[in-house]
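Hi there,

Here is the structure I promised to pass on to you. Have a look at it first, and my notes follow below.

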Amino acid sequence: MNEFMKIAINEAMLGLKNNAGGPFGAVIVKNGIVIAKAHNTVIKDKDPTCHAEINVIKMASKILKRFDLSDCEIYSSCEPCPMCLSAVYWAKIKKLYYGSTREDAAKIGFDDKYIYDVINGNAKEVRANVVQVDRDICLKPFHEWEIKKDKISY
């Protein structure tokens with residue numbers, strides 16, 4: 001068994017034991033050294049975004065004092081949901097290892113198929129009414145960003 005995946009699984013089990021959230025764990029590794037490890041804390045933190053991957057990316061960024069984790073790898077006990085996969089990409093992590101699949105997760109009640117359907121334009125139902133408003137005024141910060149001399153791109 002991969003040593004880092006074993007840590008991710010242990011994190012998932014720790015979260016289960018403490019009723020912190022779902023059965024998910026993740027680890028961020030740099031040059032073969034564990035930088036951070038975390039589990040799902042949705043229940044504990046009463047925050048639907050506190051998935052293992054989000055938590056571990058936040059921890060690793062704080063520890064390394066940077067938002068670019070392109071020299072790191074992430075191990076997740078399960079295939080990341082769309083939110084977590086997006087966070088992996090935003091963090092510029094170049095290698096993702098995962099254990100169980102999204103289909104495995106769906107079998108125990110963690111089904112993100114609807115989100116994939118929305119992303120792919122295949123959703124047959126509407127769960128959130130999405131409405132664009134005030135675009136013109138909302139573009140003001142974008143224009144300011146364009147001319148900002150001391151901006152830090154990411």
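How many bridges join strand E3 to E4, and do the two run parallel or antiparallel? Five bridges join them, and the strands run parallel. Before you read on, please keep in mind that this is a predicted model.

**The sheet**

E3 (residues 73-78) and E4 belong to an open sheet of four strands, ordered E2-E1-E3-E4, in which the pairing is mixed. At the edges you will find E2 (33-39) and E4 (95-100), each of which pairs on one side only. From one strand to the next, the twist averages 15°.

The pairing of E1 with E2 is antiparallel, with six bridges joining them. Here Val 29 has Val 34 in E2 as its bridge partner. These two strands form a hairpin with two residues between them, and in this hairpin Asn 31 takes a positive phi near 50°.

Helix H3 lies across E1 (25-30), E2 and E3, and runs at about 140° to E2.

**Aromatic pairs**

A search of the whole structure turned up five aromatic pairs. One of these involves Tyr 75 again: the ring centres of Phe 4 and Tyr 75 are 5.2 Å apart and the planes are at 45°, so this pair counts as tilted. Phe 4 sits in helix H1 (residues 3-17) and Tyr 75 in strand E3, so the pair ties together parts that are 71 residues apart in sequence.

**The largest pocket**

Rolling a probe the size of a water molecule over the atoms shows where empty space is left. The largest pocket has a volume of about 230 Å³.

Which residues lie nearest the centre of the largest pocket? They are Phe 24, His 51, Cys 81, Phe 110 and Asp 112, out of a lining of 16 residues. By type, the lining residues divide into nine nonpolar, two polar and five charged. Helix H3 (52-64), the helix that lies across E1, E2 and E3, supplies at least two residues of this lining, and so does helix H5 (102-107).

Happy browsing, and do write back with any questions!

Best wishes

How values were computed. Residues are numbered from 1 along each chain as its sequence is written. This is a predicted model: local features need pLDDT of at least 70, side-chain atom pairs count only at pLDDT 80 or more; totals for chains, interfaces and linings use all residues. Side-chain values use heavy atoms; hydrogens and water are left out. On a 1 Å grid over the protein atoms alone, a cavity is a set of points where a 1.4 Å probe fits but cannot get out, and a pocket is an open set with protein on both sides within 12 Å along at least five of seven lines; lining residues have an atom within 4 Å of a point. Grid points are joined across faces, edges and corners, and a volume is the space filled by probe spheres set on the points. Ala, Val, Leu, Ile, Met, Phe, Trp, Tyr, Cys and Pro count as nonpolar, Asp, Glu, Lys and Arg as charged, and the others, Gly among them, as polar. Two strands pair if DSSP finds at least two bridges between them. Axes are lines fitted to C-alpha atoms, for helices over the stretch in contact, and angles run from 0 to 180 degrees between N-to-C directions. Contact means heavy atoms within 4.5 Å. Rings of Phe, Tyr and Trp (its six-membered ring) pair if their centres lie within 6.5 Å; planes under 30 degrees apart count as stacked, over 60 as edge-to-face and the rest as tilted.
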